[in-house]
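Please read the following briefing alongside the sequence and the coordinates.

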Amino acid sequence: MSFITKPKVAHPGLPRNELGLTRRDYEGSMSTLCAGCGHDSVTAAIIEAVWELSLRPEQLAKLSGIGCSSKTTAYFVSGAHGFNSVHGRMPSIATGAHAANSQLYYVGVSGDGDTLSIGFGQFAHAIRRNINMLYMIENNGVYGLTKGQFSASADIGSKAKRGEANMQPPVDPVLTALTLGCTFVARSFSGDKEQLVPLIKAGMMHKGFALIDVLSPCVTFNDHEGSTKSYGFVRDHYDEVVHADFVPPATEITASYAAGAVMPVTMHDGSRIVLRKLDPDYDPTHRGKAFNYLRDKQAQGEYATGLIYLDSQSPDFHAVNNTAATPMNQLPYAQLHPGTKGLAKIMDKYR
Amino acid sequence: MPDPAGAPDRLNDFVIKLANVNGTGSASANALLMKSMFRMGIPVMGKNYFPSNIQGLPTWYEIRACSEGYIARSGRIDLMVAMNAETYAKDVKEVSPGGYLLYDSSWPRPALLSRDDITILGVPLARMCNETFEGVRSRILLKNIMYAGVLAGLLDLELDLMRTMLGESYSNKKALLDDNVKALEIGHNYALTHFSCPLPIRAARMQKTSDHIMIDGNTAAALGCLYAGATVGAWYPITPSTSVMDAFKGFCQKWRVDAQTGKHNYVIVQAEDELSAIGAVIGASWNGARAFTPTSGPGISLMNEFIGLAYYAEIPAVIFDIQRVGPSTGMPTRTQQCDLLLAAYASHGDTKHVLLFPNSPEECFYMAIQAFDLAERLQTPVFVMSDLDIGMNDWMCPTLHWDDAYRPDRGKVLNAEQIAGLDKFHRYLDKDGDAIPYRTLPGVHPKGAYFTRGSGHNQFGGYTEDAAEYQVVLDRLRRKFDTAKTLVPSAIVTGRGNQDIGIVSIGSCDGAMREALDGLKRKGLHMDYMRLRGFPFGREVEDFLAAHSLIFVVEQNRDGQLRSLLTLETAVEKAKLRSILHYSGMPMSADVIVTGVLAELGPAEPVRSVVRSIHEVPQRKS
């Protein structure tokens with residue numbers, strides 16, 4: 001239960017980041033999800049990523065909707081404000097929060113029901129606006145809190161725990177995001193921390209809407225024979241096409257990569273994302289090719305994973321709106337109104 | 001035909017109605033007419049009755065000059081300018097006996113002879129336009145200015161003033177200005193040559209509009225948002241609220257662009273729907289910006305879930321409800337006060353909201369600023385309950401004033417230093433006994449962090465499913481509503497204070513109310529009048545209701561929503577309250593109230609407005 005306080009005891013030997021903080025400083029309250037839930041692994045990956053990035057906890061704002069996934073924002077970085085909003089509407093909260101303060105890092109955690117059914121419209125329009133946020137879908141193909149209904153991401157033929165098969169085609173958030181003009185599109189697996197942590201770091205530093213669709217099996221309702229979102233199925237049909245490494249600003253790229261398959265992309269703040277293409281034919285900067293590649297892989301029953309598409313140049317929401325650098329919530333009042341003299345001028349227009 | 005010379009002199013006291021076709025450019029001519037009277041110092045009212053359509057459907061504009069300063073509809077038409085053949089038959093019928101009808105005599109009108117108690121004035125507007133101007137578009141547009149010229153002659157409006165006003169409108173378009181002035185003069189000359197000018201209904205300069213402006217409520221509300229320091233506006237276009245954001249954007253482009261960098265000190269989000277619009281407002285307010293959304297009834301319906309979240313999680317939000325006719329899509333371009341209950345109790349569960357009821361554009365400005373102060377002070381959504389009549393019509397009101405000493409009331413928000421000094425931050429604890437807790441903003445201090453949620457929470461901000469912990473918070477929210485009673489603008493009570501009979505009203509009924517009360521006084525009926533300005537109702541409302549044995553409740557909806565709200569939220573005995581209801585979609589006029597009061601003081605039946613849909617589009621015979 002989340003109201004049980006987890007004692008924060010840091011062992012003196014724990015590694016510290018640039019701010020001198022340990023991973024424990026980025027933890028949240030105790031998870032109330034089922035033991036073995038994929039979502040808890042995602043939570044752990046977020047903690048790792050934020051710790052590695054050496055962000056001050058309060059620089060983060062954690063946003064979510066409703067569902068098992070949306071509860072997880074309580075389970076990491078308790079020093080950051082969290083907002084567990086209403087079902088499917090987290091993107092609009094993010095839009096307003098981002099409008100009010102451009103200087104925080106916004107992490108939204110959603111689920112397949114929250115994003116692809118009730119929140120499909122808001123998801124699409126947050127992408128269109130290129131809101132500067134990391135948006136993670138913890139995708140398990142099933143409604144957990146209401147005990148096992150299919151979600152919109154359930155594959156055709158996928159079987160529910162009680163045996164009935166889903167006959168409706170799934171909505172694929174990655175393909176959807178690509179067609180909507182999303183500037184950072186990734187897919188990963190909750191069980192692959194090595195892939196997930198650098199993706200989260202890259203997504204947080206991306207200036208614009210970063211989507212990571214994380215296949216995150218539901219151990220209670222969707223981890224059985226016949227499910228296409230089970231641990232077993234995902235492991236067997238998992239195909240990493242582009243591995244992303246995140247390199248902070250002013251850090252040399254020291255790792256050795258196979259020639260021809262490495263593509264460093266510089267981010268707005270000088271950091272770099274180094275893309276290791278595991279399939280040399282894949283082009284993660286070409287939206288159309290990425291789309292076709294995913295469709296081909298899908299036809300073969302494979303989940304293509306990694307940083308699937310990246311556009312680090314498109315202007316984000318504030319750039320499009322030409323917003324001042326000072327966050328809206330910090331503008332001094334004197335700058336916001338024309339005063340008595342201004343009102344007198346304005347009044348002359350209405351005589 | 002009656003003899004105009006025999007009609008009583010009606011100096012600065014008349015109503016003109018202009019029947020036009022939507023999309024033909026009549027609006028600027030009608031505004032010119034109204035504004036010229038205003039600049040002549042004559043108190044004036046202008047109402048636009050327009051269709052939910054871009055082009056081709058009937059539209060009317062009504063101008064009332066009233067030396068006594070009444071600004072509501074009068075219910076009388078002294079001069080009809082019948083420019084729409086489709087509605088001609090109905091327009092003729094509407095003219096009050098002894099009145100006038102002006103029509104375009106370029107074509108014969110067999111229906112002309114349908115009334116012998118009014119004076120028909122034919123002017124060959126189309127013919128004169130065709131003879132003078134080139135191009136179909138010009139001819140259509142200038143016909144309107146030409147009838148304005150005719151009216152200037154008939155009513156004795158100051159032609160020089162009208163020329164000046166055209167010059168202001170077309171300062172950068174010389175050719176257009178010349179054509180407009182020409183059309184105005186042709187019309188004016190025609191009137192002087194062909195009719196005995198001026199008519200007994202006529203205008204003459206007075207001094208009753210100095211230190212006044214003509215402004216619509218949506219523009220005034222937007223100006224209020226500018227002065228309140230709102231930096232985030234989120235909306236979805238919906239009639240009749242759209243012009244709030246249009247005006248806000250206009251003001252921001254002028255006053256909120258950094259001179260050095262050209263960057264904007266504002267953000268406007270055109271959302272994909274009203275759910276998203278209110279979500280963005282809540283997100284921005286949660287993050288410490290002053291944020292608002294303008295909408296109308298259907299938008300409020302959609303926003304309900306989020307409004308409940310803001311209530312329970314205690315997040316400020318400012319919502320302008322520019323009410324229009326419901327239910328459902330209703331009549332989007334007609335006015336009503338039909339969202340009172342919807343707004344008061346919006347969302348599921350036990351919720352109650354703070355409402356403000358402006359009576360004019362002037363109050364839209366001041367109440368917009370109050371709404372932000374109240375929303376942040378009380379940490380809750382605040383509704384400004386305007387309507388289409390206030391929002392979209394130009395009203396004469398006192399010049400708006402500003403006090404440079406004003407500072408926004410940002411409420412109980414802890415800064416970094418205050419948070420650092422705390423042992424532990426508890427979001428929903430009533431430390432001061434006013435039921436208002438302390439708030440922290442994201443990004444300020446890690447010790448101030450908490451988890452905002454719409455799920456059950458205890459007073460420390462933690463998740464709970466414990467009955468007692470849940471009730472502590474819910475009961476405090478009820479007490480917070482009691483605090484709100486002392487903070488919302490109080491009701492204004494006028495009258496001698498010793499009458500048995502009281503009358504209660506809100507918002508845009510006020511103009512008609514004041515005129516009706518004067519009319520009733522002349523009939524020997526004195527009543528105390530209470531105009532409600534805020535909800536929850538304060539002590540003064542209870543006192544007024546207790547002090548009167550019979551109380552009329554005047555409002556613009558079918559079901560007596562204000563009456564219901566009074567019976568639900570005060571100790572008043574239901575039987576004491578008598579409804580006077582007007583819900584035709586047309587702005588309220590005094591006769592509705594007078595008739596209602598007189599009828600009630602006779603037989604004890606609730607009175608409903610008898611105004612029918614006189615603007616119904618006539619059906620073509622097939």
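In what order do the 7 strands of the open sheet in chain B lie, and what is the pairing? The order is β11-β10-β12-β13-β15-β14-β21, and the pairing is mixed; two strands pair here if DSSP finds at least two bridges between them, while helices (H or I, at least four residues) and strands (E, at least two) are DSSP runs numbered from the N terminus. This is a predicted model, in which local features need pLDDT of at least 70 and side-chain atom pairs count only at pLDDT 80 or more, whereas totals for chains, interfaces and linings use all residues. Residues are numbered from 1 along each chain as its sequence is written, and chains are lettered from A and ligands numbered from 1 in the order in which they are written.

**The 6-stranded sheet of chain B**

- Another open sheet, of 6 strands, has the order β3-β4-β2-β5-β6-β7 in chain B, again with mixed pairing.
- Its edge strands are β3 (44–49) and β7 (119–123) of chain B, each pairing on one side only, and neighbouring strands of this sheet are turned by 15° against each other on average when direction is ignored.
- Strands β5 (residues 79–82) and β6 (residues 100–104) of chain B run parallel and are joined by 4 bridges, with Ala82(B) standing opposite Tyr103(B) in β6(B).

**Chain B as a whole**

- Chain B contains 19 helices and 24 strands, and its C-alpha atoms fill a box of roughly 85 × 65 × 55 Å along the principal axes.
- Because a compact globule with 622 residues would have a radius of gyration near 25 Å, the 27 Å of chain B agrees with that expectation; the radius is taken over C-alpha atoms, and the globule rule is 2.2 Å times the number of residues to the power 0.38.
- Of the 622 residues of chain B, 55% count as buried, a residue being buried if 20 or more other C-beta atoms, placed from the backbone, lie within 10 Å of its own, exposed if 12 or fewer do, and partly exposed in between.
- Among contacts in chain B between residues at least 6 apart in sequence, 75% join residues at least 24 apart.

**Domains of chain B**

- The domain assignment, whose bounds come from an automatic or database source, gives domain 1 (4–208), domain 2 (215–398), domain 3 (416–487) and domain 4 (492–608) in chain B.
- The centres of domain 2 and domain 4 of chain B, taken over C-alpha atoms, are separated by 27 Å, and their contact takes 20 residues from domain 2 and 19 residues from domain 4.
- On the domain 2 side of this contact, the elements that give two or more residues are α11 (340–344), β14, β15 and α13 (388–392) of chain B.

**Contact between chains A and B**

- In total, 52 residues of chain A are in contact with 58 residues of chain B, and the largest share of the chain A side, 8 residues, comes from α3(A).
- Thr95(A) is found in helix α3 (residues 90–100) of chain A, and it counts as buried because it has 31 C-beta neighbours inside 10 Å.
- Not counting residues up to four places away in sequence, Thr95(A) touches Ala126(A), Arg129(A) and Ile131(A), as well as Val269(B), Ala280(B) and Gly283(B).
- Strand β2(A) and strand β17 (residues 451–453) of chain B pair in the parallel sense over 3 bridges, and the bridge partner of Phe83(A) in β17(B) is Thr452(B).

Methods: Two residues are in contact if their C-beta atoms, placed from the backbone, lie within 7 Å. Axes are lines fitted to C-alpha atoms, for helices over the stretch in contact, and angles run from 0 to 180 degrees between N-to-C directions.
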